[in-house]
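Here is a short report for a reader meeting this structure for the first time. Take a look at the sequence and the model before reading on.

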Amino acid sequence: MKNASLLLLPGDGIGPEVIAELSRVIEWFAQHREVTFDITLDDLGGAAYDRYGTPLADDTLQKAKEVDAIVMGSVGGPKWDDVARHLRPEAGLLTLRKELDLFANLRPATCRPALASASSLHEELVSGLDILILRELTAGVYFGEPRGIEEMPDGRRRALDTQVYFESEIERLLHVGFDLASKRNGKLHSVEKANVMETGVFWREIATRVGKEYPAITLEHMYADNCAMQLVRAPKQFDVIATDNLFGDILSDCAAMLTGSLGMLPSASLGAEINGTRAALYEPVHGSAPDIAGQGKANPLATILSFAMCLRYSFDMQADADLLESAVDKVLGDNIRTIDIAAKGVAPVSTSEMGTALINALSTLDT
Ligand code: IPM
Ligand code: MG
């Protein structure tokens, strides 16, 4: 019997609602499979700010370092708009990523068969889509110094952010990218703006060099703006897209929508492998959606699919991850949909009804 320790951080907005459904799924696995979970719940983001006066308490960070894996809901919301930047909900998440060195952010955009018609793109462009955005998560303009808003001696004000990458940071991300591509369809797009940015020139040079170690992988370089365009023009040309922190943030939102709804997309943020284990945080790509928070409308599937990634990457439970993904396909195939993916003429279900349907599907499929 395997024992896995998990830290659940529901966060803000719809986070607590989607994590509540995930808790039921975790409970199902504990009851039906060869695994038990030690679960710790804590606050992150605005919820942590309200409770502890900081978006990531030291004690929470300590727990995060001790557990096998973390699953997060979402952070942020208008309630904390006027809070100082270093205390904003997002700062808690960024500190967590940085402190655990979760540099490799995997954001798969898979168009589940039942949802091809829910995409804002023509069905034939997205049906069968299976791409993976690999975003660098602990460096670049999100963390570069100097940054700030300042007043010049002549009285003019200005703001600055710094895009900075060490060679090692780009290298390790690309190694993950080529490794992933070799387990998938053998293609990697390295995405930057080498036409205007020094970090882009540097990124391209390193990608070319690292690519020589992976002769079986087709490497293509692409400018980030072109990539955005190609994602909505012909998304199936991609397999793995490896890119920096900021471009990855933008391109992954874009890729998510190809699949029907931002409410469907999971992600994994992984650290370096040390002695066979790696720090890992799993979270839905969607945000806290304050406009629908507390109304039971949120789609819990992105969070549940994030847990499937957790089973896969942190616990090597491939069959269980497959089962969970099949259960998601089953409920969608049965036309059970939250409002973001509702099928024409079928009344949408609530967040908890979706959770119940998923549990039933797990029991049906588990033979
Ligand atoms: C994401 C989010 C975060 C980011 C925010 C909440 C800090 O947009 O994970 O994509 O910009 O990285
Ligand atoms: Mg984002």
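A polar contact is a pair of N or O atoms within 3.5 Å; inside a protein, one atom must be able to donate a hydrogen and the other to accept it. Keep that cut-off in mind. The model shown is predicted.

Start with T162. Its place is the loop between β7 (157–160) and α6 (167–183). A polar atom of the T162 side chain lies 2.5 Å from the backbone oxygen of P146. Is T162 buried or exposed? T162 counts as buried because its relative accessibility is 18%, and the cut-off for buried is under 20%.

Now turn to the ligand. Which pocket does ligand 1 take up? The space taken by ligand 1 is the largest pocket. Around ligand 1 stand E90, R97, R107, R135, Y142 and D249.

| Side chain | Distance to an oxygen atom of ligand 1 |
|---|---|
| R135 | 2.8 Å |
| Y142 | 2.6 Å |
| D249 | 2.8 Å |

How much of ligand 1 does the protein bury? Taken alone, ligand 1 exposes 320 Å², and the protein buries 78% of that.

Conventions
Residues numbered from 1 in each chain as written. Chains lettered and ligands numbered in written order. Predicted model: local features only at pLDDT ≥ 70, side-chain atom pairs only at ≥ 80, totals over all residues. Heavy atoms only, no water. Near = heavy atom within 4 Å. Areas by Shrake-Rupley, 256 points an atom, 1.4 Å probe, with all protein chains shown as cover. 1 Å grid on protein atoms, 1.4 Å probe; cavity = no way out; pocket = protein on both sides within 12 Å on 5 of 7 lines; lining within 4 Å. Sits in = over half its atoms within 2 Å of the grid points. Helix = DSSP H or I, 4+ residues; strand = E, 2+ residues; numbered from the N terminus. Buried < 20%, exposed > 50% of the residue type's maximum accessible area, 1.4 Å probe, protein only.
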